[in-house]
Amino acid sequence: MAFFEQEIHDAPTTFLSKYVFSFDHKVIAKQFLWYGIAFLGIGGMMALLIRWTLAFPGEPFPVIGPMLFPHTGGVVPPDTYAMLFTLHGTIMIFFAITPILIGAFGNYCIPLLIGARDMVFPTLNMLSFWLAFVSAVLLLASLFTPLGGAAGGWTSYPTLSTLIGSAGVGQTLWCLSLFVLGVSSTMGAVNYIATIITLRAPGMGYFDMPLTIWGLWLTAILNAIFLPVLGAGLLLLTFDRVFGTTFFLAGAAATSGSGDPVLFQHVFWIFGHPEVYILILPAWGIVSDLLSFFARKPAFGAKATALAMTSITILSTLVYGHHMYSTQMSPLLTQSFMMLTMTISIPSAVFFANWLGTLWKGAIRFQTPMLFSLGVVFVFGLGGLTGLYLATVSTDLYLHDTYFVVGHFHYTMAASVLLGGFAATYFWFPKMFGRMMNETLGKWHFWISMIGLNGIFMGMMIIGHAGMHRRIYNPFVYEFLQNLIPLNMFITISALTMGAAQLFFVYNFVYSMFKGPIATQNPWEVGTLEWTIPSPAPHYNFKEVPVVKCGPHEFGNPNLSGKDFQYQTEELVRA
Amino acid sequence: MAQAQAHNIAQAKEGDKVISTIAMIVTLVSFGMLFLTLMMGFAIYRFTAPVWPPAGMEKPSLLLPTISTLVIVLSSIIYMSFEKNVVKGMADKRGLTWTLILGVAFMVSQFLFWNQLKSHGIFVSSGIFASIIYAFTWIHAAHIVAGLGLLVWLYSALKTADSMTAVKVANVGKFWHFLGIVWIIMFVTIFVL
């Protein structure tokens, strides 16, 4: 039950209050969307530079190579290569996927889908975006420091990330940037948690919330709990770099007590493993809803799906050690972590089965958001299954630090989350901008992306299984890897294909924003609360706060006549 | 109509109270995790070291840390009685003023402590033990500064006393007591044991 009704605020009048320093969750959502898409482009370009180097070692990157690296004639230099994969990972995880799924769709969906007029703390919301902006400035500024950006990997393990491994200011700025971003995300988490608890429309119990909200809520809880863990690690790393503390410096033992580089790994993964779920839970929630919406069937076992997501959230806090099997961890501990990690398969299987149950005998509408949702089901299935090999100590010891790991986590974290983000973008675009995106271009975008990303990540798993190590500038100096050059070329061509597919999206997005057909109030014929108000949503969202009378997935009720769905504000039709 | 409006306002005030309390609890969980991580790090250094403090390093004198502890405990006790007075509707700000004074005194004791370490030739870069003492107390002190900011803010919040005042006082209290608890844990584990 809602605790209270927020008053309708006056509409902003100036350009600054409307578009720049806006308190409106929908505008902040769009700001996060632009931010995320811009970084998706930057991170994607870095990925192409990495892939080019691996497929065509020593050859200049076409067109922009000579501009970026004039002193090598356009060839990516080795030190820059380390910086590229470090920043590619950092940017994609923290500056692209997080802002799109949590910043943009969290902000956009939470008030609209629970029947609220805004977040509980609109000012905090605005500050959260601008802090994220400051964080981005810090990260990008690091590229222009004398020794360039951070180059210790996205995990920034010491000693690579201490002054011994990275002497420049770039790594310090990386630490500060992520710390500031962590503060921004924690502010968002406080807002999301409080909003969902207190501003749900009258009648909306927790199990009447769309699964999208469940995903975002659990994400916010994980953020509030685990971002400070990374924050502590980053603070200590910054102190090591700036003030000369010795937290992560091995070898200081000889003089006055030892630091411990592996401690940072513990701290990083205590945060880092829940982070996987921080990213993926919103995508799971969105996909769980969209599969039901476009299969025109109630979400199969919706309560079980919500509870499975909750179980995974809890379990995600207990399994971080599986990232560290190769760090001389006690065999007893590795076994415990293996057990716990495997346990995650159970709730994962529950909601995966529920997804299939939702699709079973559904009257599926293969519109673009549905295609992307089905894409998530496919790639997440592959990502989840390949995770079992890495959760198992014996196979992980062989596969660790090979491209198999890269393929696996790109399937789970990159591919499924990215496809989930696209599904959400195509789905809520009409409510955001009042216009429809082009379906044909959307489908081209989907199919070419699917071909591209499967080419990339399946290829990575094969070369990883064949023993190709990650992070090496030119792995082909090792004779046994030379026969993998053609496969690497295939992966790179797939990456270029994937990159080219995004041009369909960018064109479609920008064109549709201005020239797309005008959207009706409820173009997808869905019953959740945001579709009961005009498109685009007015600044106050709901003139009258809605009263919720049924769940979000009431489709195909045989007692209904004239339409196959019900709004959540309608009494459930019974015989 | 007027009755419905009055009902809405009452509901909104009730909502504000719940929201600010939830927000403060979530914030404290976040800060709690930050300090918990630091303490986990300390535990690892402490239990994996062959001798503690590491060779060549002596534990600093307990005098100033003990004074800091007494000061922060006293400030919490005084704040609690101030909080009780606010709940009773008594507009007595002396408790708040004393909490603020003791908070500043805590910061002064920290500066004196850092100065003492420096005069004994213990610098932040003097090894893991010194790193822990300096870094952890810095991070705690940064939170104390934020806490002092909140105490100062309470003065203006008390000027326009309404039904939210008690909630604001309670939430600032949660933050202040939390910092006291963190300090006591740090005092016992790092300085005493």
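## Cavities

By the grid rule used here, the predicted model holds six cavities of 30 Å³ or more. A cavity is a set of points, on a 1 Å grid over the protein atoms alone, where a 1.4 Å probe fits but cannot get out. Grid points are joined across faces, edges and corners, and a volume is the space filled by probe spheres set on the points. The largest cavity contains about 170 Å³ of space.

Its lining is made of 18 residues, where a lining residue has an atom within 4 Å of a point. Phe32(A), Thr98(A), Gly103(A), Ser184(A) and Ser185(A) lie nearest the centre of the largest cavity. In chain A, helices H2 (25-55), H4 (78-114), H5 (122-142) and H6 (169-198) are the elements that each give two or more residues to this lining. Helices (H or I, at least four residues) and strands (E, at least two) are DSSP runs numbered from the N terminus. The lining residues of the largest cavity comprise nine nonpolar, nine polar and no charged. Here Ala, Val, Leu, Ile, Met, Phe, Trp, Tyr, Cys and Pro count as nonpolar, Asp, Glu, Lys and Arg as charged, and the others, Gly among them, as polar.

## How the model is read

Residues are numbered from 1 along each chain as its sequence is written, while chains are lettered from A and ligands numbered from 1 in the order in which they are written. In this predicted model local features need pLDDT of at least 70, side-chain atom pairs count only at pLDDT 80 or more, and totals for chains, interfaces and linings use all residues; side-chain values use heavy atoms, with hydrogens and water left out.

## Chain B

Chain B has five helices and zero strands, in the order α-α-α-α-α along the sequence. Along the principal axes, the C-alpha atoms of chain B fill a box of roughly 75 × 30 × 20 Å.

## Where chains A and B meet

The contact (heavy atoms within 4.5 Å) involves 36 residues of chain A and 35 residues of chain B. Between them the two chains bury about 2,800 Å², and 79% of that is on carbon and sulfur atoms. Buried area is the accessible area (1.4 Å probe) that two parts lose on being put together, summed over both. There are four residue pairs in polar contact between chain B and chain A, both residues being at pLDDT 80 or more. A polar contact is a pair of N or O atoms within 3.5 Å; within protein, one must be able to donate a hydrogen and the other to accept it, and residues adjacent in sequence count only if both atoms are side-chain atoms.

On the side of chain B that touches chain A, helix H1 (2-48) and helix H4 (128-159) of chain B each supply at least two residues. H1(B) gives the largest share, 21 residues. This side of chain B has 23 nonpolar, eleven polar and one charged residue.

## Salt bridges

Over all chains there are eight salt bridges, each a side-chain nitrogen of Lys or Arg within 4 Å of a carboxyl oxygen of Asp or Glu. One of them joins the side chains of Arg365(A) and Asp564(A) (3.9 Å, N to O). Arg365(A) is in the loop between helix H12 (345-359) and helix H13 (368-391) of chain A, and Asp564(A) is in the segment after H17 of chain A, so the pair ties together parts that are 199 residues apart in sequence.

Technical notes. On a 1 Å grid over the protein atoms alone, a cavity is a set of points where a 1.4 Å probe fits but cannot get out, and a pocket is an open set with protein on both sides within 12 Å along at least five of seven lines; lining residues have an atom within 4 Å of a point.
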